[in-house]
Structures are given as C-alpha cells and as structure tokens.
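Please look over the sequence and the structure below before reading the notes that follow.

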Amino acid sequence: MTTRSAEHATIVIERHLKAPVARVFRAWSTPEAKRQWFACHGDWVPLEYGLDFRPGGLERNHVADTDGLLHAYDARYIDIVPDTRIIYAYEMRLGEACISVSLATVTFEAEAGGTMMLFTEQAVFLDGYADNGARLQGTEIGLDNLALFLERETGPVH
C-alpha cells in the first residue's frame with residue numbers, strides 16, 4: 001500500500017544574463033533553442049521533445065537516465081507576456097510514478113548589460129518522494145546551460 005503525502009517546497013533562482021531580454025525570452029519560447037539548453041543531464045538519452053509555446057500550449061521532455069529509467073516532464077503554459085513573464089504548470093514522473101507537480105513563474109527585466117531573470121517554482125513532492133535538493137540542483141544546472149547557450153549565441157562566429 002502506498003502512503004499518500006504532499007511535501008511543499010519553493011525554489012527561487014535569480015540570474016543576471018549577458019543578453020537582451022528579447023533574446024533570453026526567445027531562448028525559452030523557441031523549440032530549437034530551448035531544446036539545446038533545457039536538459040540538466042547531458043548523458044541521458046532524449047526520447048521525446050515538443051514545445052507549443054502559447055497559453056494552453058504543451059511542452060514535453062521525456063528522457064531516459066543511464067539506467068534506462070524514464071524521466072518525464074510534461075508542462076502546460078498558463079500565461080505568457082512576451083519579454084516579461086512566463087507562467088506554466090508541470091508534472092514530473094519517474095517511470096510511471098508521478099513524483100511532483102509544480103507551478104513555475106519566470107520573469108524578465110532589462111538591466112545594464114543584459115537581463116535579470118527570476119525563476120520561482122512552487123513544487124509539491126508526492127507520496128514520499130525524497131527530493132533532497134535534486135530539483136534545485138537540476139534547475140540551477142539548466143539555468144547555467146541557458147547562460148552558456150546565450151554566450152555561445154552571441155559569441156564570435158568561427
């Protein structure tokens with residue numbers, strides 16, 4: 001018998017990115033761009049990816065870890081204000097088990113030299129899943145990848 005539980009957590013990450021707001025927003029909103037930086041584990045095998053970036057649109061990122069276990073991210077976009085904010089809800093599954101449901105808000109503000117981006121996630125970890133900081137770590141890795149992607153995009157062409 002499974003014990004039912006809901007453990008709440010809030011993650012807040014502020015990033016100062018060396019790119020204009022429009023380019024940072026485009027990295028979130030364009031499937032070709034987001035797919036390049038969104039993964040937090042480069043050695044995992046991509047299985048399925050899709051991004052329909054509009055209110056009511058869906059995003060799907062399914063990967064298999066090095067043991068072959070499915071890690072499934074399925075999101076629905078709720079509110080999008082171009083170059084200002086993105087609000088979406090998503091669930092994460094390991095295999096067939098839903099381990100969490102989250103509401104995420106990403107805001108963008110122009111600042112000297114680039115963009116201040118604020119990522120806030122309100123997560124509910126389900127049925128005894130022990131996150132132990134993995135969500136924060138994975139999100140930070142993904143946002144590090146975003147910064148690297150933006151730097152490559154603006155770097156000199158060889």
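The lining of the second largest pocket divides into 6 nonpolar, 4 polar and 3 charged residues, where Ala, Val, Leu, Ile, Met, Phe, Trp, Tyr, Cys and Pro count as nonpolar, Asp, Glu, Lys and Arg as charged, and the others, Gly among them, as polar. This is a predicted model, in which local features need pLDDT of at least 70 and side-chain atom pairs count only at pLDDT 80 or more, while totals for chains, interfaces and linings use all residues. Residues are numbered from 1 along each chain as its sequence is written, and side-chain values use heavy atoms, with hydrogens and water left out.

**The second largest pocket**

- A pocket is an open set of points on a 1 Å grid over the protein atoms alone, where a 1.4 Å probe fits and protein lies on both sides within 12 Å along at least five of seven lines, and its lining residues have an atom within 4 Å of a point.
- The second largest pocket has a volume of about 160 Å³, a volume being the space filled by probe spheres set on the points, which are joined across faces, edges and corners.
- Of the 13 residues that line this pocket, R35, A39, P46, N61 and V63 lie nearest its centre.
- At least two lining residues come from each of α2 (31-37), β2 (45-51) and β3, where helices (H or I, at least four residues) and strands (E, at least two) are DSSP runs numbered from the N terminus.

**The largest pocket**

- The largest pocket holds about 680 Å³ of space, and among its 28 lining residues C40, M92, R135, G138 and T139 are the closest to its centre.
- Its lining takes at least two residues from each of β3 (58-64), β4 (70-81), β5 (85-94), β7 (114-126) and α3 (134-154), and α3 gives the most, with 8 residues.
- By class, the lining of the largest pocket has 18 nonpolar, 7 polar and 3 charged residues.

**Aromatic rings**

- The whole structure has 10 aromatic pairs, counted where rings of Phe, Tyr and Trp (its six-membered ring) have centres within 6.5 Å, with planes under 30 degrees apart called stacked, over 60 edge-to-face and the rest tilted.
- W28 and W37 form an edge-to-face pair, 5.0 Å centre to centre with 70 degrees between the planes.
- W28 counts as buried because its relative accessibility is 2%, and W37 is buried at 1%, where buried means under 20% relative accessible area, exposed over 50% and partly exposed in between (1.4 Å probe, protein chains only).
- Ring pairs link F25, W28, W37, F38, F53, Y73, Y77, Y88, Y90 and F108 into a cluster.
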